[in-house]
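My notebook is open and the model is on the screen. Here is what I looked up, entry by entry.

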Amino acid sequence: MIFLPLMGFVVNGILGKWMPKSLSGWLGTATVLGSFVLAVMNFMELSGGTPEIASINTKLFTFLSVGDFHVDFAFQFDRLSAVMTLIITGIGTLIHMYSIAYMHDDDGLYKFFAYLNLFIFNMLVLVLGSNYLMLFFGWEGVGLCSYLLIGFWYKNVDFGKAARKAFVMNRIGDLGLLMGLFLIYDTYGSFEYQEVFRQVFIGTADSTAVNTAIALLLFIGAMGKSAQIPLYTWLPDAMAGPTPVSALIHAATMVTAGIYLVIRSEAIYALSPFAREIVMWIGLATSIMAALIGLKQNDIKKVLAYSTVSQLGLMFIALGCGAYTAALFHVITHAFFKALLFLGSGSVIHGMHHEQDIREMGGLRKKMPITYLTFLIGTLAITGFPFLSGFFSKDEILVSAFTHNPLVFGLALISAGITGFYMFRMFFVTFHGTYRNHHHPFEKVHESPLLMTLPLLVLAVLSVVGGAVNLPHYLGEGISGGLHHLLSYDGGGKFSPILMYPEHVIELSHTAEIGLLAMAVSVFVIAFLYTRNKYVVKGAVPEADADQQGMGKVLSNKFYVDEAYDVAFVAPLEGASDTLTHYVDEKAIKSAVDGVGKGGFGLSKMLSKIQNGNIEYYLVYMVIGIALLLAFNLF
Amino acid sequence: MIALFVTFFSAVILLFAGLNKKESAFSLFAVVSLFVSAALSFACANQMVSFGMLESWVPANMMSFGKEQHLFAALLAFITGFVILMFRENENLGTDQLGLMMFSLCGAYMMVSYEHLVMLFLGIEVLSIPLFVLAGANKQNLASNEASLKYFLMGAFSTGIFLLGTAFIYGGTGSLELEMMGIKPSFMHAMKGMPIPVLINAGIILMSVGLLFKVAAAPFHFWAPDVYEGSPNRTTVFMATIVKVAAFVAFYRLLNTFGGIKDSWASWLTVLGGMTILWGNLAALGQKSVKRTLAFSSIAHAGYLVMFLLIADGTNTWILWFYGFSYAIASVLVFSIANQAYQQTGDFSFDAFNGIAKKCPIVAVVLVIGVLSMAGIPISAGFNAKFYLFSFAWQHTPWLVGIGLLGSAISVGYYFKFFKHAFLKESNNEMQFVDRGLLISLALIIVALGAMPWAILNLVF
Amino acid sequence: MEVIIIPIIASLVVIAMGKRIPMWLSALFSLLPILLVGKYFQQMGVEGGWKTIFDQPWISDNIRFTVGFDGLTGILLILTNALVPVIILGGIRNDENRVKITALTLFMQGALNGVFMAQDGLMFYIFWELALIPIYFITLTMSGVDAFKITLRFFLYTFIGSLAMLASLIYLFLHTANYSFAFESLRAVELSHTESLFVGGGILLAFLVKIPVLPFHSWQADTYTNTPAAGTMLLSGIMLKMGLYGLLRWFLPLAPESIEFYQPWVIGLSVAGVLYGALIAIRQKDMKRLVAFSSLSHVALIAAGIFTLTDAGLEGSVLQMFVHGINAVGLFLVIEIIERSTGTRILGELGGLAKNNRLFMVFFMLIALGTVAVPFTNGFPGELLLLKSVYTYNHNLALMAGLTIIFCAVYIFRMVQFSMFGEGTGTVAALKWNEILAFGILIVGVIGIGFMPQLIIDIVHNSIVQIGQWVSEARGVMS
Amino acid sequence: MSLLNIFNQVEISHYIYLSTVLFAIGLFGVLFRRNAIILLMCIELMLNAVNLLFTAFSTYMGDSDGQIFVFFIMVVAAAEAAVGLAILVLVYRNTRKTDVSFLDQLKG
């Protein structure tokens, strides 16, 4: 299951050069599809099998074993990993398929698929690893793949810059994660999930402070991967990569690794409310901030990127509130519709021949109906149109937030509302109104081939019905809460539950439920009407970044965070580097060393002055010598 | 004794047979006779042959001919032979010079085997007086004259100092024979409270000054650089090797007799040793001329050997022998390369070496071996010599050993100038070296002494 | 024994054949020893301590030519005899110095094998010095502006360190029961605390200079920059390991009483060096300088790991020695090839090299990833262990040292970016068979160790455990 | 007491002092004079001082070695003087000077 993609990577990487493009493309797809099928089968075995088994563990070999430090190269396939695996491979398959068409005219196609496969492989290692180190493997691996894929068009210097930014920011997170891992090992003496959680459960750690520290360090890692404040700026830049990459890595899968990590470490987070609060508030801040920025972006992919960040923020809110199911639920649905949206935008860009500015578009619905339709569904889903997948998952998050703290609920609701605004803004500006691109005639715009639209359709369907995996309980006990049951499986007697502390199903009075729903829906409606009025009826066009005013300017410049970082970190770093190079290393240390040598030569000059060639002096020196000798020894 | 005999008579023959004649034939004769005397005394040392009758001529309290003496005689003769061999093509001066050089070698023999201060005095003078002449052998060359005069004046002066010391010793101990001399002071030292008479102390100091002058140890080394620079190359090498070794043997024999009152002279000798090491190495750093550099390096080596004086107890003389041998071989090697380079380029700055590596790599490699040996870097005779010396001296004079290590670190600074010029610098003038075979064989000796010293030491000691 | 002799003879053969020697033949010479190493492994195995292979009196009856073998030695022998062929295959330009450098490299190989196998203190010192000579002359072939000054600084610096070590060894030698330099008898010497401070300090100095640890590093960058590629590779790939090997093999067992005193200093300096090197590397223009400082930072981490005295640190250090050898040689090989075909190695003047030579690009990328310590490349496990060990010693230091994984990413990818990517006119000539072979050997190391680090750990485990025992015993005696 | 007694009871120490003083005179002569010939003479004076000392000791101790030594010193001194004067002549031919302080070509 895991090594199929790796195989794909190797084959594509080595032989790809001599393979026909389509072949390498299909090969890449096939491998992922294969692992998807395998995943499904395993999943069946897991839950359908009798008796139900908690997890399938397989140990390949001992990776490192030094003294008391022992790490296995082992995998664990339990329900949580299963869900993630299904998302990854499933959506991965679709996106692979999509890319075959999307990338067909790029001569680096085989490389592209090699990287994609490598990414899937690392992602699988991440979610299937049976210990934290395996997770770290995948963690870094996916970071690397995103580096490679963002910088895929290596001729472009800016893309390279974006790629390095992404990798470095991830690395910052990784450092935190690594420290967290060390702390875990010091405290609990193992990396194996089951062992660690058992220890946590019986309370090996003397104080909750340790757990808080671990939790926070892990969360730093999560920040890096899942693009939370302050490490989120790489994600929008990462849109430099090919669109399928954006869909796969930066929407559907990789960015959710942070969520996975937190859910996985639930046992630890459960013990430290403080850490959870932090998680929640950061999630909240990120969500709102990103949503605001999204309002003023004109690059279709940038908008989606910020919406991703904002959605991730929502998920972290859920985690912070301890609603792990809700978070995972939203991960799933978000994977569906965000992938859909990205691929849709990809299709648009494809149709527009790599034009990404929405102000250059408009009225595309006539030209590309399928894209239009699917995109609409995606938009509706993400904005929480009732009874689409997004509706349920987001609603659940809101509910959990509400039970946790009404204030949080309010803010979350706002950010959810803003989602509506920017999404519809983009949607209308792109597909309605009149075509505004001048140096690229309207006739040229064309619908994408079947190979691209097919995944769109599939994903559209999924984002419609995706809510089914965890229907809220008020729709009837029987069908509801599938995911919830899945996660709160107690491990069948053996000690391997996924959630150490099974979360209580949130029981609100129906009135409250309805109230919340009403609020959510009303927000959605307002957003819809406002934007429709502005961009369709009035046919307004968003301003270019240059002529933004006031708040808009700030927003379109992303709160100047990048600039701030440059001033705060990059510049000092380079300054330090230069200082060390020129002053410390050259001036201080080296000249100190050379000074010794120079001193030697100076003395030498002095001595040769004494040796002035005049015999009389020599005799005098000799006699002085003799005199001193006698003086010291006789008197 | 046999060495003295053979050398002396062949010297006489040379002196009269080849007066003012071209030397090529005679130099070969000299070399042969020297190697013969080396071989013979080596044979004597290992009781393969013996010339008891010959040696019985000399009263036993004047000179002694033990194994040690024979070995040193062999060493001196061997090195001198090489000196004459390597420099036979040199400035074409009359054969009488060969004679003089061999006469002064006779003086060296006497210095290594004296039992009586008269013999030591005679040895020193027989060694020195011909050298005064040899130093000035380039009659027209002003530098040579100056060297000769300086050497003469200062040498005579130091002889005076030495003699005063001898007189004091004579007065203080009542004897001029080595084994007699030592008794009284050590006896006095043995019973506490009885101070060593001023005469003896002063005598030791003054005699030591005389010898320190000969070995060119600071602060009595001032003559060395100037005289080395001014003298003809052959004489310089002779002075740098033979004189030093002989003087050190004499010195250690003298101090050894006063071993009973070691603490009265060890302290200041240590100070002088350290001073010499630092002075020699530091002064060498800034030199432009190869000859002066080597002169100062020889001063530094004198400083290292002072360590030996401090640890000499009559049983570990082989260290001195080994050190002297490796040092002498290396200096002859480097000097003869420098000499040939000088013959062809005409200047004695390091630039003479420019681009040797390109023109004749073999010579460059040989040069590397020689210089590394002088710097004391393994695998070479020089390293082993230093290693023996330092490791033996460690317990007695750790600080001096420390200075020695520091000194050999400094020495790299000037020894590697050779490499700079030989490997980095370019030069367009033609160069070819004669006697490559000899050079290579010397280098091989050095490496052999470095790789398997114990085999060779077993052979001799 | 043969491992030491064969390369030296080979170097003489090379000199004798002169220009006529084909490169494949010299490469073949350099490949011979590794077969012998394999034989040792198969004969000796890695259990049961440091076994003597060959032993005979040398400088004196008690100063012997003693050659030993165990896991630690074995690993370094593999490293040396695998990298030297790489260097000969890829690292030597075909100019008038080729023969000279090849011969010196082979000589070096012999000397290095001697260093790693020596079981006798003086023999160790002699080969230690001997290994200095060829690299010095390799550097001298580069008649740069102030080549002499740089080489002299390099030589003097290391030579002074070695002399300090020699003094310490002699001191121990004089206190042995039977006046012997044999490792065991040197180890048996019981030192008082102050004595051990001096002796240990002397030995330590030599190794710290060689490694080099801040602030003894000022010979490094210049020497790397002004040496022909072969020299740079020898220096960074193998010679630095001499110092680390010395720490493990000679310093820890011989002067364990002094560790207590030096531990905080060395770890502090090393961690400082980790950051220092990384920070400086970030802004270097000259690729060689960049890699020089990066290797300063990496090696400092290894030194820190050794001095934590934890299992993770000690064994991780050996692993990382091996790995760093591969990566450093790889990077310098890359730089050399770039310089060969474009004539420059200044980042500003390069760019877009990836366009026309994908294969080279792949090699470069893999080695770069190894250096950045991405999982499934060789850099990762070692760095993990070392950071872990530093972490167990002190959390904050570990955090500081950990910053290197960020900085390393910054400067390595910066180098990749500005040399390979972007719009550039330069082109890298198609790789020749020998270069491909060289890279092949390296890549096997990069990936193989990335997946199976345990192989190396298993080999060195016993040796390290023993060293650890000695150390802990000595410290137990003290406290 | 009268001068005569003093002559009668001259002790060895007086000889030591006398010759040391003589030696010192010679030594300072060497230090302070520049003419090479005078330097030579001063050195001779030093040697003679030593001779005096030797004879004094040997008579004092009734041991002949000292006096034999004196003869050797005389011989050697003569030889030295001969060589020295020859060198001096040589130098004088080339430089027209006998003043040692002008000989400073070789230095550094």
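**Entry 1: chain A.** I started with a tally and found 24 helices and two strands in chain A. A reminder to myself: this is a predicted model. I then checked burial, and 57% of the 635 residues in chain A come out as buried. Next I turned to contacts with a separation of 6 or more in chain A, and 80% of them join residues 24 or more positions apart.

**Entry 2: a helix in chain D.** I picked helix 4 of chain D, residues 65-95, and counted 31 residues. From first C-alpha to last, helix 4 of chain D reaches 44 Å, close to the 45 Å expected at 1.5 Å a residue.

**Entry 3: a helix pair in chain C.** I moved on to helix 12 (residues 259-282) and helix 17 (residues 395-420) of chain C, whose axes come within 9 Å and cross at roughly 20°. An angle under 35 degrees counts as roughly parallel, so helix 12 of chain C is roughly parallel to helix 17 of chain C. I noted the crossing of these two chain C helices as left-handed.

I also wrote down who meets whom. Helix 12 of chain C brings residues including Ile267(C), Val271(C), Leu275(C) and Ile282(C).

Definitions and conventions
Residues numbered from 1 in each chain as written. Chains lettered and ligands numbered in written order. Predicted model: local features only at pLDDT ≥ 70, side-chain atom pairs only at ≥ 80, totals over all residues. Axes fitted to C-alpha atoms, helices over the stretch in contact; angles between N-to-C directions. Helix = DSSP H or I, 4+ residues; strand = E, 2+ residues; numbered from the N terminus. Parallel < 35°, antiparallel > 145°, perpendicular 65-115°, else oblique. Left-handed = near helix turned anticlockwise from the far one by under 90°. Contact = placed C-beta atoms within 7 Å. Expected span 1.5 Å × (residues − 1). Buried ≥ 20, exposed ≤ 12 C-beta atoms within 10 Å, placed from the backbone.
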